[in-house]
Amino acid sequence: MSPSNSTLGISSDDPTAQIKVFDGSANVVARGIGALDAPLADGLYKIRVRVGSEFQERLVALDSKLPQQHFDRLDIASPIPIDNTARSHEYHQAAVRQAWNYPAPALGLGSRLLISAREWSLDNRRSHLDPAGALSIVLPSGDKVNFAAIAKVRQQGDACAIGVVDVDPGFYAVELELPDGSRLRRALHASPGWTTQLYMLFRDAAGQRLPDLAGGSVAIAHQPVVHDAQTRLAEIALDALTQHRAILSDHMRQLLSGKFEQPLLGLIGAHLLLREPDQTGLFGIVVDNLTSMLGIDHPDVGALRTKIGETAPAPVTEPPMLQVSWDLLVQASSRIPGLIPPGTAAARIAESVVPADAWLVWQPPAGQNDTSRLDAKLEVVRAYVQARAQARLPRGLGTFAFDSPIVGPPSVDLDEEARSDLTRALGVPRMTLDTLLKRL
Amino acid sequence: MPLADRALIVGIDRYPALGPLSGAERDATEFYKWVTTAGGVDPANATSIVSSAFERAPELKPWAEQPAQQAIDDFFHAVQATSDENDAAGEGPQVGKRLYMYFSGHGFAPALDKSGVLMANASRTAPINVAAMWWANRMYEGGWFDEVLLFQDACREPMRQADLSPPFLVSLGLSGQENRRRFFALSAKNDQLSLEKAIGGGGARGVFSVTLLAGLRGAARDARTGEITAAQLKAYLQSNMKNLLTPQELANPEIANQPEVFDPDPFVIVGAPPGWTAAAAEEFPVRVSLNGSRDARIIGHDLKDHVTQTGAPDPWNVTLPRGYFRVLADPFSSDVFEVTGALVADGAKEVIDVAVQ
């Protein structure tokens, strides 16, 4: 006698929740996004609902009497103190609103930057002597403004420093100075009429508590985003993007098709669409919307435009904010000469890109003669070319060496797969790789 | 002739420029023991690369410490050489059916698909590394093997100077990827530390590796079939790593209490032992609070009776194999509960507490 069947109904307050149902042998027997109705044989099952990096599990006995299984909104991890996140204090949200309402110092007109650096702890007592220290804003002119000069709101408890500044639209960088004197930077693009907001949590680094520049999240909005549901969705989408998870539900597609107000959600959603088959129509719509919102000169938009079939997309002269945008540019630079023109800010940072996760980070040279990042990449290329040459040696010739009298120097005539691997590993565009190969 | 399975096992304790580990080589040695016995890999096809196999570098020359990247490169050169030999012999370029890759040491991860294991001569300024997951994917996609299993017990903190060294072998370009299988398990999620600690009185061990080996040695068997499937091993790792951590360690978000296991392909990692029956499945203690003595029964995931007892005592102590169960003590019933097969830090079996309403 076969077991009777029932429908396991599952819903979640999070429309992007990944839902999986496991049978008694731990096999996935049903999956969905946001909601699921799974016809299954009566029995015992485990439901797992994941949102961002958080998940909930529930064991159920399925029969015809089992009611719909509903999962409440999960508190996700985010450096932005948004509602329904795990590291948010109401007083941090209030501090962001307070900073917003202060008269902002003016370095320009037409756009704004908001920067927040904060501690977080369970007991609300993680103080910091100088939460605004170590950070500065690099202006398009190259001049720097210490974050301390604009961080009008500072609190203890879980310490925070928050500042808002009016600026001209354009390319800015936020710089973190590390205890050893080296520096890290990432891009903040100020778009006309928008406020670009960077939120960071502190973390241990070199024995100190420093803002986690590489892990900080960006939002672009007309107001503080601490209660903005689309910003929370963008954070979930960012996690899906970096962790290669599928979250594109009908709800998300509907949002992307024209109803998103948070440009970051559009940027990240467009990258998620690129991983899906047959999404070119919606992808084009999202990119067009982003172009209208942020402008065609925005490098993250420019990176996406390399994928819409334009034969000669506009050159990208400034580094984008997202690492995946940079990856697209690096990839496209092989087939679109001049995409990253030499001498531009984007070309300059190519030699000093630091391996990172969601956001593009680079380490500016300590001085004109500092080639340490490029030298490190050169060593990787050298070892790679050497190993490739060894792999291609006729058997019996033994281990390859650069000074080998038998075979001479290695060929740097690498095929496309090899060049693609190297650009991906090093995060450098084709022209930078070519420069490195010439230096061997 | 059937193609042989192969294994690369790397365990590095000596990192003069980064600080030593205590249990990486021990874990690698334990994995080697398993893979060359129950894992079915001929010792001649298992390459073990561990710190103690090399002479210690002079104190002032940390960059000379071994094993270095060349040792790993040599393994992949040997893979390619075997491929060439097989091809020349008219057998095609495939090297083996299954490849095991096990790494234990310091590691880093700027991103999910860019995680690396640091070699013994690595330093903060020269983070020489092996892109273990990239290599595993290359072996899988490239067609050298039908099945690739990667187990990486290493931290996944960001390390800003660390550029990955990509795989230097070019894909064989063989068709049939739809028939290939992979199982990749990393000991930590992005940004997290992998903990090693004294477990079971035998010196420091990696929490992930101890859990992994317990699972592979049988604790992750499907109680019905006796097989250790990819799904069962994933579930076992996800459920049981945390049992080896203290409450303080569990409360620290920077310490991994769950592995990162990528959506594995469905396949059998370890077959059932000869003559396996469900009755042979290992059982684990369950203590059922019945709220007084009563007739009770426990049903399994298929809703069939697993244990019944008239006038069961309170508490009712039973043993059950891994799986999902429910207690029915008329007119009461419990929620569904899971027997994960967990061992606690001293090596004893975890007692599952269940209460009927």
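How many Å apart do the C-alpha centres of domain 1 of chain A and domain 3 of chain A lie? In this predicted model, the two centres are 33 Å apart. The domain assignment of chain A comprises domain 1 (5-71), domain 2 (90-221), domain 3 (237-362) and domain 4 (372-439). Domain 1 of chain A gives seven residues to its contact with domain 3 of chain A, and domain 3 gives six residues. On the side of domain 1 that touches domain 3, five residues are polar and two are nonpolar. No charged residue is found on that side.

Two helices of chain A were examined as a pair. The axes of helix H4 (residues 250-259) of chain A and helix H6 (residues 280-294) of chain A come within 8 Å. They cross at roughly 45 degrees. H4(A) is therefore oblique to H6(A). H4(A) contributes A:Arg253, A:Leu256, A:Ser257 and A:Gly258 to the contact. From H6(A) come A:Leu282, A:Ile285, A:Val286 and A:Asn289. The contact of H4(A) with H6(A) has four nonpolar, three polar and one charged residues.

Chain A also touches chain B. The contact takes 40 residues from chain A and 42 residues from chain B. On the chain B side, helix H2 (69-88), helix H5 (230-240), strand E18 (323-329) and strand E19 (332-339) of chain B each give two or more residues. H2(B) provides the largest share of that side, six residues. By class, the side of chain B that touches chain A divides into 19 nonpolar, 12 charged and 11 polar residues.

Notes:
Residues numbered from 1 in each chain as written. Chains lettered and ligands numbered in written order. Predicted model: local features only at pLDDT ≥ 70, side-chain atom pairs only at ≥ 80, totals over all residues. Contact = placed C-beta atoms within 7 Å. Helix = DSSP H or I, 4+ residues; strand = E, 2+ residues; numbered from the N terminus. Nonpolar A, V, L, I, M, F, W, Y, C, P; charged D, E, K, R; others polar. Domains from an automatic or database assignment. Axes fitted to C-alpha atoms, helices over the stretch in contact; angles between N-to-C directions. Parallel < 35°, antiparallel > 145°, perpendicular 65-115°, else oblique.
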